[in-house]
Every structure is written in C-alpha cells, then in structure tokens.
Amino acid sequence: MSSESQWNNPVIKWVDDRLPVFTYMDHEYNQFPMPKNLNYFWNFGALAMIVLVVMVVTGIMLAMQYTPHVDHAFVSVERIMRDVNYGWLLRYIHMNGGSMFFIVVYIHIFRGLYYGSYKSPRELLWMLGVVILLLMMATAFLGYVLPWGQMSFWGATVITNLFSAIPIVGEPIVTWLWGGFSVDNATLNRFFSLHYLLPFVLFAVVGLHVVALHVTGSSNPDGVEIKGPQDSVPFNPYFTAKDSVGIGFFLIFFAFFVFFAPNFFGEVDNYIEANPMQTPAHIVPEWYFLPFYAILRAITFDVFFIPAKLMGVILMFGATLVLFILPWLDTAKVRSARYRPVYKWLFWVFLIDCVFLGYIGATTPEGWRVLGGQLGTAYYFLHFLVIMPIVGKLETPLPVPASISEAVSGRSSNASATDMEKS
Amino acid sequence: MLELPAELAVNEIEGVGMSEATQSPDSAEDEVERRDFLIMATAAVGAVGAASFAWPLVDSMNPSAEVLALSTVDVDLAPIEVGQSITVVWRGKPVFIRRRTQAEIAAAVKDDGADLRQKQNDADRTQKPEWLVMVGVCTHLGCIPLGQKSVEPKGDYGGWFCPCHGSHYDTSGRIRKGPAPLNLEVPLYKFLDDKSIRIG
C-alpha cells in the first residue's frame, strides 16, 4: 500500500507523499473489503449521504432567497415558488428531501435492528448513528418552522413548550428559547440560523460515523465477520456499482414525489400564513415524528410524583435515547435475526407497533385510540427494556455458518436479496 | 456526487473472490469492450443527470421574475427647468436626466472633434439635444459621479466628476480624463410624448 510505488502521475504522487488523500481514497473506497453477501438494504447509508448533500446544496440556494422575518417569511417562500428561476423545483426538492431523508434513515435503522448491526464491535458506530438521527430531527423541526405557515407556527409553539414540562426552570428555558414571550420574530431568526448550522454539524458526525464504519467494516446479513479474502469483494467495482443501481432507483422515487406529488407529505394548513391568534383545529407534526408524537400524548395520568405532561416528554425523548443503550440491552450472542427464530418475529411486531403509533399520532386522541396509544407506547419500551434482554438469553439460535463463504455457498443463488421478506 | 463505477465486472459479480475479480481486464477482448461501453454509458447518464440538477441551482441566482418585472420606469419631464438635473432609479441604478442649456449643448457638439477616449458624437447620445439621459454609474468601478446638483463639482469639462478615482465627464457625459474606460452609458428609452419618457 505504500504510496511510493502506487502513483505514477507525478502531481498525484507529489500531493500524496505530503497529504495521502489519494492513498486514503484508494484504501477506503477502491480496495476496501466488503462482505460479499450484502443485500440491497446495505444501500441506504449511501442513499442517506446523497440526500444530505442534496439537502445542503438546495438549502444553500434557498437561503439566498428566503427572508427570516415574521412579516416576510411566508411571502418570501411564495416568491421562491412563483418568481425565482426554478425556485419551485428547489423548494419541492428540499421539502420532499426531508421526507426522503427520514424514509432512507428509518430503513437504515431498521436494517440495523434486524441484522444486529449495533452489536459489538459496532456499538459506537451505532451510537453515532443515533446522534445523527437526533440532529436530523432537530434540523427537520427547525426547517419546518421557516415557511411560517400555520403548522410551522403551531408546531414551533408546541415543541418549544415541551421544555416547559421541566420542573422549576422550564418556563425560563422556554422564554430563552423563544427570545420573548411567544414564538415571534426572534424565534424565527434563531431557528433559521440553527437550521443552517446543524447540517454542518451533521456532516461532521456523519464523518465520524463513516470513520468508525471503516474501522470495523460493514456488518452483513449473516452476522459473521469477514475471516479472509474469500469472504469479501473490493468496494470498487462491486459496491460502487451496487450503490449506483440503488441510487438510480432511489432518485426515480424521489423525483416522482418532487414532480408529481410535491405536497403528498405536507399539510395543507401550512399554506395559510401563521396566525398567532388562532390554532388550527387539528395540528399534526410531519409524518416522521408521528410515532413520537403518539408517545408524547399517550401519558394522560400522573406517574407517582411525575406529572403526566412531564412523563410524556420524558418518554418521547426516551424513545430515541433508549437506542443509545440498545447494544447492551440485546443479550443475544448471535447477531443476525436470520439465525434468531424468536427475535425475528418480535422484530416485525416492533415494526408494526411503530407504524401503529404513527397512525395514533396522526389521528385525534379520542375513544379507543387513547388506550391504543398507551398500549403501543408500553410495548415500544417493553420491546427494548424487557423483551430484548430476556429473549437474548432464552432463545436457542439456529446454527450460524462458520463464515460468509459458507453461508453464501449453502444457499440458493436467488435467496440473498429478499430474505427479510421470506424468512 | 454520484459514485460511478471505474470498472464494471458484469458477468463476474456472483460468487467470485477478490483475487480472481481484479485480474480480469485483459482476459477476453469482447468483455473489455462491453465493460468500456457500460462505463462510458453510465458516466454519460450520470454527467447529464448532474448537469441537469446543477443548472436549476445556478439559474436560481439569475434575476427572478419580479426583478425583471421592474425593468421599465416612466418619468415625467414637465417639472424640470432648463439647467436642472434629476436622478431617477431604474433597475436599482441611478439614471441622470439633465435638461441641458444651449451653452452646454454647444460645448458638447464642439467637442465631437476632440480627442475622445470613446469616440461618440453628442447627437448619437441624445434623442432630443435638450434632454441628456444616462445611467449615473461611473464606467470605472461603479461609483456615482458628482455634478447633478449645482453645488457639486462638475470636473474639468463642466459635466460630471467621479470622486472615487477622479474621472471627468463632459456635458455629454463622455469620459475626458481619469481612469474610466467608457462614456456614461445611455440606457434604452423612448419619448412617450414631449414631456415624458420610458426608460428600459
């Protein structure tokens, strides 16, 4: 791998001897050994990276046209839609890009949950991923406020009021977040500033995520580590090609919404300018927050000395924070659900629970849905805090292949891509 | 942005180890040709895609529709006395409109034969000799020349004087002295009637 012999071009060699970027790229993206049994679920990290770049690029262009002032914000967005050259395209890409980002990242996360990607030695890689998720959520929320529609305004009001649940210092914190006594111009200004800042923080953490990934290497559907060159293929051309195929299909999916259903993921109320004197009858967050919103609303009773309001907030944040300790909650010795006959089903039950909570979050909390939300919330935490530790101990795993090569040669050639559905 | 394959081993993707996969390029000639074609085709599609994504980004920085809509401005000339200048705003820039005295017109016409940096007759710079309409932006580096008000310096040629870097313009707005390369620009305008013009 020495750069002395590797680079023939004298300019590249000169640079590489002083700053080995070419050697690094060659090592990490050309020769880098990838498990040869990866299926298409391993595309979603690359897809997330693509979306992040698209979001930053379109966001920078939009920021050149947007005015973060309560009197001008809504109108400036309409100006982007009507007067700015391709402004409609940039805004619809950015708007739908937010949803695309969460679709891709949620699939990425559930892939990790199914195949045990968070287990040793990839705990820190996983935890950095959870940090990325939190940053994404914050950025998405801040960005949703900027168009200054009714949902922007009341979403900002509700979410910032979460902090008022904190005992004693809650109210001062909310006043500090607002820079006043309600969501107003000062709030909009700081939200714009932070919405511009956080994606770059996100980039930095994604960098760490990738560095950590390249230390341990990718996990794989069989959950056994690479044991020799027979288990791996070089990143290029195998995964540059495979990722390109995935990117192609993903961009078609993305473009479909941008061009044919640009407001599919949005709320019509956000095309009404913010009115601090009137709350819309039915306010809901963007779809990617719905399960967490359901958890927030589920707690309608005080838990011991903790008031219902505070408990809802704690559980809502807890729903994401619990992912940090998942690597230690899962006691199983076997990594992949492919060889965990019990957990495999519990994974799907958990996924259905999350979708169910999403449905509860999207509807009004009345009748059976109150209890439904409470049961869904209880199961969410039960899954992580009780089921994961116990099933890991009690379950008898299927025999795990000795190596990736053995796993691949032991299966029929068309089984690898679809095993999540089949098994 | 897109990661394009540098080497596509199409018919070798299934079940081949690293050593075998990397040594193949010169094994069979028709395979190399097909691979080259695939690489070129993929790169071409990727380049077209990247360019068609890049153009909207670039074009969004061009003047938007509501800026272009401000491209004309109508000016009523009736209140302007002989020897008086006004400044109006057109596309964010000052436009000088001066109702020249007979002496100024005569001086400008007399200098048509002078050694001018940008050769232009006074008659070519006006539609009616009495009315001089020019963009009031120095052709050097964009400052606004002095001379619109009677108390301001008018330079060595009795027209306008740019205080930033010392360019002197004559009574026809032509550059006579100093670093500016060109005469003050005459914008497109037309007389709507005897006493009003439309600029742009």
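## Disulfide count

One disulfide is counted over all chains, a disulfide being a pair of cysteine sulfur atoms within 2.5 Å. The structure is a predicted model, in which local features need pLDDT of at least 70 and side-chain atom pairs count only at pLDDT 80 or more, while totals for chains, interfaces and linings use all residues. Residues are numbered from 1 along each chain as its sequence is written, chains are lettered from A and ligands numbered from 1 in the order in which they are written, and side-chain values use heavy atoms, with hydrogens and water left out.

## The bonded pair

The disulfide joins Cys143(B) and Cys164(B), whose sulfur atoms are 2.0 Å apart. The link between Cys143(B) and Cys164(B) is left-handed, with -95° about the S-S bond. Cys143(B) sits in the loop between strands S4 (131-135) and S5 (158-162) of chain B, and Cys164(B) in the loop between S5 and strand S6 (167-170) of chain B, so the bond ties together parts that are 21 residues apart in sequence. Helices (H or I, at least four residues) and strands (E, at least two) are DSSP runs, numbered from the N terminus.

Cys164(B) has a relative accessible area of 37% and is partly exposed. Buried means under 20% relative accessible area, exposed over 50%, and partly exposed in between (1.4 Å probe, protein chains only).

Cys138(B) is buried, at 5% relative accessibility, and Cys162(B) is buried at 2%.

## A nonpolar surface patch

Tyr86(A), Trp88(A), Phe256(A), Phe259(A), Phe260(A), Trp55(B) and Val58(B) make up a nonpolar patch on the surface, with about 760 Å² of accessible area together. Such a patch is made of residues with over 30% relative accessible area and no salt bridge, its nonpolar side chains (Val, Leu, Ile, Met, Phe, Trp, Tyr) being joined within 5 Å, whereas like charges are joined within 9 Å. A salt bridge is a side-chain nitrogen of Lys or Arg within 4 Å of a carboxyl oxygen of Asp or Glu. Accessible areas come from the Shrake-Rupley method with a 1.4 Å probe; for residues, only the protein chains shown count as cover.

Two or more residues come from each of helix H11 (235-260) of chain A and helix H2 (29-59) of chain B. H11(A) gives the most, with three residues. Trp88(A) lies in helix H6 (residues 87-115) of chain A and is partly exposed, at 34% relative accessible area.

Of the 20 residues in H4(A), 14 are buried.
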